[in-house]
Amino acid sequence: MKSAYIKTIAVAFATLFVVSCSGDKKKGVDYNQFKTEVQLTPEQEKSFDEITAKYQQLQEQNYQAAKAQGGNMDRVALGIKGEELRAQQALDMAKVLDAPQMEKFNKFVDENSRKRPRYNNELLERIKGEAQLSEEEFKVVNAANDAFEKAFSDAHDVYHGNNDLAKEYWEKFDAQRKAAIQKALTPEHYTKFEEIVKDVQFKGRK
């Protein structure tokens with residue numbers, strides 16, 4: 001049964017990495033750089049600085065709380081919280097910037113923020129709709145995607161600072177993700193799935 005198969009996916013990805021890594025300080029978005037690309041009024045700049053400072057502080061608090069867990073840092077949860085903070089920051093910023101400025105701001109943040117290493121929600125919806133997946137098939141895709149993200153995130157302390165090694169781990173776990181999905185989808189659905197995700201590849205950290 002597919003429900004039983006879904007439960008085995010996470011196990012298939014399970015590999016424990018008990019290697020500590022010090023000095024893992026995340027680079028934040030350089031909002032001063034953004035201010036050189038747009039023309040803000042003094043009032044806008046004041047509010048802009050207050051908003052970005054607020055959310056940078058919240059992000060730092062989340063990071064320090066996660067770091068306090070030591071070897072048990074939950075990087076997936078940290079990534080989810082980061083996405084939530086960026087979404088809330090955008091809502092606050094929309095009250096300060098005009099429409100063209102806001103469009104540039106969203107693009108700037110998107111291009112300079114660290115992304116979660118997974119099929120994002122937009123791509124998942126494309127997979128479900130364009131590949132015409134059943135609910136059971138889509139559950140397997142989600143489970144494999146979640147397992148991929150956790151496995152790659154858990155391996156972070158092993159490949160940290162080494163993009164070549166990170167790429168090796170990403171490709172290994174991506175192959176496992178696709179293999180798990182292939183077992184659950186019909187051949188026709190999997191062929192369409194492969195077509196949709198063909199451009200998804202490892203992106204090195206800046």
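The model is a predicted one, in which local features need pLDDT of at least 70 and side-chain atom pairs count only at pLDDT 80 or more, while totals for chains, interfaces and linings use all residues. Residues are numbered from 1 along each chain as its sequence is written, and side-chain values use heavy atoms, with hydrogens and water left out. The protein has 10 helices and zero strands; helices (H or I, at least four residues) and strands (E, at least two) are DSSP runs, numbered from the N terminus.

**Overall picture**

- Along the sequence, the pattern reads α-α-α-α-α-α-α-α-α-α.
- Of the 206 residues of the protein, 37% count as buried; buried means under 20% relative accessible area, exposed over 50%, and partly exposed in between (1.4 Å probe, protein chains only).
- Among contacts with a separation of 6 or more, 74% are between residues 24 or more positions apart; a contact means heavy atoms within 4.5 Å.

**How helices pack**

- Two packed helices are described by the angle between their axes and the distance between the axes. Axes are lines fitted to C-alpha atoms, for helices over the stretch in contact, and angles run from 0 to 180 degrees between N-to-C directions.
- The axes of H7 and H9 come within 9 Å and cross at roughly 160°. That makes H7 roughly antiparallel to H9; angles under 35 degrees count as roughly parallel, over 145 as roughly antiparallel, 65 to 115 as roughly perpendicular and the rest as oblique.
- The crossing of H7 and H9 is right-handed; a crossing is left-handed if the near helix is turned anticlockwise from the far one by less than a right angle, and right-handed if clockwise.
- On the H7 side of this contact are residues including Val141, Phe148 and Phe152, and on the H9 side residues including Trp170, Phe173 and Ile181. By class, the residues of the contact of H7 with H9 are 13 nonpolar, one polar and three charged; Ala, Val, Leu, Ile, Met, Phe, Trp, Tyr, Cys and Pro count as nonpolar, Asp, Glu, Lys and Arg as charged, and the others, Gly among them, as polar.
- Helix H9 (residues 163-184) also packs with helix H10 (residues 187-197), at an angle of about 150° and with the axes 10 Å apart. H9 and H10 are therefore roughly antiparallel to each other.
- In that pair, Lys178, Ile181 and Gln182 of H9 meet Tyr190, Phe193 and Val197 of H10. Four of the residues in the contact of H9 with H10 are nonpolar, one is polar and one is charged.
- Helix H4 (residues 75-93) and helix H5 (residues 99-112) pack at about 160°, with their axes 11 Å apart, and H4 passes H5 in a right-handed crossing.
- Arg86, Gln89, Ala90 and Met93 in H4 meet Met102, Phe105, Asn106 and Val109 in H5. The contact of H4 with H5 has five nonpolar, two polar and one charged residues.

**Nonpolar cores**

- In soluble globular proteins, nonpolar side chains tend to be buried together. A nonpolar core is a set of buried Ala, Val, Leu, Ile, Met, Phe, Trp, Tyr and Cys residues joined through side-chain atoms within 4.5 Å.
- The largest nonpolar core has 18 residues, of which Tyr119, Ile127, Val141, Ile181, Leu185 and Phe193 touch the most other members. Helix H6 (121-130), helix H7 (135-154), H9 and H10 are the elements that give two or more residues to this core.
- A second, separate core of 17 residues includes Leu40, Phe48, Tyr55 and Met93.
- Leaving aside neighbours within four places in sequence, phenylalanine 193 is in contact with Tyr119, Ile127, Ala131, Lys178, Ile181 and Leu185.

**Residues to look up**

- Alanine 131 sits in the loop between H6 and H7 and is buried, with a relative accessible area of 2%. Apart from neighbours within four places in sequence, alanine 131 is in contact with Arg126, His189, Lys192, Phe193 and Ile196.
- Glutamine 132 lies in the loop between H6 and H7 and is exposed, with a relative accessible area of 62%. Glutamine 132 has a positive phi of about 55° although it is not a glycine.
- Glutamate 168, in helix H9, counts as exposed at 52% relative accessibility.
- Lysine 67, in helix H3 (residues 42-67), is partly exposed at a relative accessible area of 42%.
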